[in-house]
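Here's a quick tour of a ligand site and a bit of surface. Have the structure open as you read.

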Amino acid sequence: MAQEDVFKKVVSHCKEYGFVFPSSEIYDGLGAVYDYGQNGVELKNNIKQYWWQSMVLMHENIVGIDSCVFMHPTIWKASGHVDAFNDPLIDNRDSKKRYRADVLIEEQIAKYEDKIEKEVAKARKRFGDAFDEAKYRETSPRVLEEQAKRDALHERYSKAMNAMDLDELRQIIIDEEIVCPISGTRNWTDVRQFNLMFKTEMGSTADGSMTIYLRPETAQGIFVNYLNVQKTGRMKIPFGIAQIGKAFRNEIVARQFIFRMREFEQMEMQFFIKPGTELDWFKQWKETRMAWHQNLGFGAENYRFHDHEKLAHYANAATDIEFKMPFGFKEVEGIHSRTDFDLSQHEKFSGKSIKYFDPELNDSYTPYVIETSIGVDRMFLSIMCHSYCEEKLENGETRVVLRLPAALAPVKLAVLPLVKKDGMPEKAREIIDDLKFHFNCQYEEKDSIGKRYRRQDAIGTPYCVTVDGDTLKDDTVTLRFRDTMEQKRVKISELRGIIEDNVTITSLLKKLK
Ligand code: ATP
């Protein structure tokens, strides 16, 4: 199946099976805002639990907090968001569509890279086993030509972004002959800066009210609580603070479903360390976070690091963990070495000392920070895209199955009475009443067994049991496995033992090294 088709199918599957709905749909929706449905919320909660437990339960020196969306506006001045949380924006005069100038250029760079990869793939096919890829990349005139164009553009773009030279960004778009995908023209406006924070008023009177911002990241809630947590928790460096919560950004281009939303959720952890140790910790957190992703079993080839060449002025290392989405490798998580920038800024703007007294050194310092920051919704999307599968069966039919990791699946077990009579529904409910304390169970009696299996496959339920006539005599049921569709007869008393170990978040955590 073509990758664009996979993406389209995932989007409609999410809606059809109660995972994700466009917000305010009966009023024609609201741009880049989505709601999670009955199955989506379960999957999302499981992702959050997997992250939270891997951070807070698995690390003695990481604790959690839950800070508010509303914060004192000076925080955003101190963090640099008021002055610098901008994206360069450009409009096409013919289509009246708005774009991020940096994204247009990055897409152009990706086009050159695609061309190179296509050339290499063609040669691989042509030469077969004798193909020496490294040599081909070094010598093929076509590859070299595209590579040179790509590198020149990349260098020019990096320079322009580092200097935030808006005229130069526009000139690159003109020189590269980038056209608007809607109108097909090159009738571009100037590039302007656009601040991504949403503003609102707090307070009831016009004079007494204060402009505040909806937080564009959860991290600042951690920084401003650093001292509270360190003191009350008697935390010793190195230690971390984790938080899951909503963030808001007035994104210019909101496409690609839940990949880029205006209201979304982040899972962030700030790890406070001694200055000078940051690059070791950065390396360690890169490995820890990659292991967390790969532990889901989607295949190491679907992940890669993308180290930042353009570093924010306060960062001394940064990387993204990218996942292979149907629309290419895309950032799911950022890992940043942020030095002491944030704490120092809050010290300066608040006038309060945020130093740490290190008993071993008998000295005080402002801690450095390694941050890991992942979007729940992007994680959700990557999981859905990878799990969605259309499978041809031996009888010629096609089944849609969501091969979710069992620990993340919304429903773990569906209990299905073969018919709606003869005591089978009652027996099925008895099974659920016993197992519902241990994992999420669902009762379903409508339609044929085959249809019910398909519906459970489509929402990723790893196990189904069918209650039939024999169940009433010998307390056995048919247990059916989602991925293999294998069926076997088991005792009701064995069900918990077979299922529980494979469907809990603990089972995932135990696999983490
Ligand atoms: P991008 O370059 O894609 O805009 P970013 O580098 O600005 O992302 P960060 O500020 O590092 O993102 O945020 C950390 C994480 O939060 C990202 O890796 C992503 O998973 C998530 N995230 C950021 N913006 C959005 C958004 N608009 N919608 C959904 N998730 C988001």
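## Strands around the ligand

Three strands, β10 (263-273), β13 (328-337) and β16 (368-375), each put at least two residues into the shell around the ligand. Of these, β13 gives the most, with five residues. Bear in mind that we're looking at a predicted model.

## Who's in the shell

The ligand has 16 residues around it, and the closest are E251, R260, M261, E331 and V332. Sorted by class, the shell comes out as seven charged, five polar and four nonpolar residues.

## Polar contacts and cover

Now for the oxygen atoms of the ligand. An N or O atom in the side chain of E331 sits 2.6 Å from one of them. R378 also uses its side chain, with an N or O atom 3.0 Å from a ligand oxygen. G375 goes through its backbone instead: an N or O atom there is 2.9 Å from an oxygen atom of the ligand.

How much of the ligand's accessible area does the protein cover? On its own the ligand has 590 Å² of accessible area, and the protein covers 84% of that.

## A nonpolar patch on the surface

There's also a nonpolar patch on the surface, made up of F70, M202 and M210. Together these residues have about 280 Å² of accessible area.

To find F70, go to the loop between β3 (62-64) and α3 (74-78). F70 counts as partly exposed because its relative accessibility is 45%, and that class runs between the 20% and 50% cut-offs.

Methods:
Residues are numbered from 1 along each chain as its sequence is written. This is a predicted model: local features need pLDDT of at least 70, side-chain atom pairs count only at pLDDT 80 or more; totals for chains, interfaces and linings use all residues. Side-chain values use heavy atoms; hydrogens and water are left out. Patches are made of residues with over 30% relative accessible area and no salt bridge: like charges are joined within 9 Å, nonpolar side chains (Val, Leu, Ile, Met, Phe, Trp, Tyr) within 5 Å. Accessible areas come from the Shrake-Rupley method with a 1.4 Å probe; for residues, only the protein chains shown count as cover. A salt bridge is a side-chain nitrogen of Lys or Arg within 4 Å of a carboxyl oxygen of Asp or Glu. Helices (H or I, at least four residues) and strands (E, at least two) are DSSP runs, numbered from the N terminus. Buried means under 20% relative accessible area, exposed over 50%, partly exposed in between (1.4 Å probe, protein chains only). A residue is near a molecule or strand if one of its heavy atoms lies within 4 Å of it. A polar contact is a pair of N or O atoms within 3.5 Å; within protein, one must be able to donate a hydrogen and the other to accept it, and residues adjacent in sequence count only if both atoms are side-chain atoms. Ala, Val, Leu, Ile, Met, Phe, Trp, Tyr, Cys and Pro count as nonpolar, Asp, Glu, Lys and Arg as charged, and the others, Gly among them, as polar.
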